[in-house]
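Subject: Structure for your review

Dear colleague,

Please find below the structure that I am handing over to you. My notes on its aromatic rings follow.

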Amino acid sequence: RSWNLMWLLGAGASGAAGIPTAGDMIWEFKQKLFVSQRHASPEMVADLSAPAVRQHLQAHIDSLSNLPPAGAPDEYSALFETVFPSEADRRTYLDSKMAGAKPSYGHLAIATLMRADRARLVWTTNFDPLVTDSCAKVFEGTGALTTVALDAPAIARQAINEERWPIEIKLHGDFKSRRLKNTGDELRHQDEQLRAVFVEACGRMGLVVAGYSGRDESIMRTLEAALEKPGAFPAGLFWLHRGDDAPYERVADLLRNASAKGIEAGLVRVQNFDEASRDLIRLIPDLNMNVLNEFGKQRA
């Protein structure tokens, strides 16, 4: 049923390409706040993977009254705006995180599926060019993929209705660098329109979610709205979940509610996006593997 399954890619799908996830950046923001507000040495909290360091940083954040608790849906955006009050600085920070990133196996696998008409529509909360770059390699040119950004919801609906496959639609745009409540009316309206297109598409196709934790309020609200529509996710709803920990309760609720409505839904535990893509590619016959095979020779 691959032709009837859309994909939703979150920041985790770009991890192997060298772009940090929202979770990674949250700890970096906490580190910056601790160093600047406590006038501490950066070396004191340099290892962000160490539990003791994280506990130290979180204790400082908890002592502040103006920031959400750990794990809150708006934790990322609130910390981002606190560390970098200027939007220009936030954009510069994000640009630096994307600099030098190259498509990983998973991105090239998605492009390979697109070329075989096995992945027609990809939604993404990211605004990196990795899907576009992958399609340029796999299709040997830039004209095959239709890419639509947040500022063109009407074009997104038109492209889907006209079946201009393959299509990539970027859901976030400026929302990666500011809180939803701090956006202008025009941008907020564009977001509402694009999310309406997403809801419509969920009534036509199933969905595979990869590299997305469910932390984002606007996307989860959209998926929940889609679930309320008759005939939602006709080809199923499958959430690729990394690691052994339980997913966010809101994700678990979404999948339970989908199952209760008779939708084939499931949490699929994976090692990461690249490994899951490789497992999937192994099962699909008659794919043009030239680019993926070449990638495999270059990188383990």
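F80 and Y93 are both buried, where buried means under 20% relative accessible area, exposed over 50% and partly exposed in between (1.4 Å probe, protein chains only). This is a predicted model, in which local features need pLDDT of at least 70 and side-chain atom pairs count only at pLDDT 80 or more, while totals for chains, interfaces and linings use all residues. Residues are numbered from 1 along each chain as its sequence is written, and side-chain values use heavy atoms, with hydrogens and water left out.

The structure contains ten aromatic pairs. Rings of Phe, Tyr and Trp (its six-membered ring) pair if their centres lie within 6.5 Å; planes under 30 degrees apart count as stacked, over 60 as edge-to-face and the rest as tilted.

One of the pairs is formed by F29 and F80, which are stacked at 4.8 Å centre to centre with 20 degrees between the planes. This pair links distant parts of the chain, 51 residues apart: F29 is in helix α1 (residues 22-38) and F80 in helix α3 (residues 75-83). Helices (H or I, at least four residues) are DSSP runs, numbered from the N terminus. F29 counts as buried because its relative accessibility is 0%; for F80 the value is 1%.

F80 also pairs with Y93: the ring centres are 5.5 Å apart and the planes at 70 degrees, so this pair is edge-to-face. Because Y93 lies in helix α4 (residues 87-98) and F80 in helix α3, the pair ties together parts that are 13 residues apart in sequence.

Ring pairs join F29, Y76, F80, F84 and Y93 into a cluster.

Kind regards

Notes:
Helix = DSSP H or I, 4+ residues; strand = E, 2+ residues; numbered from the N terminus.
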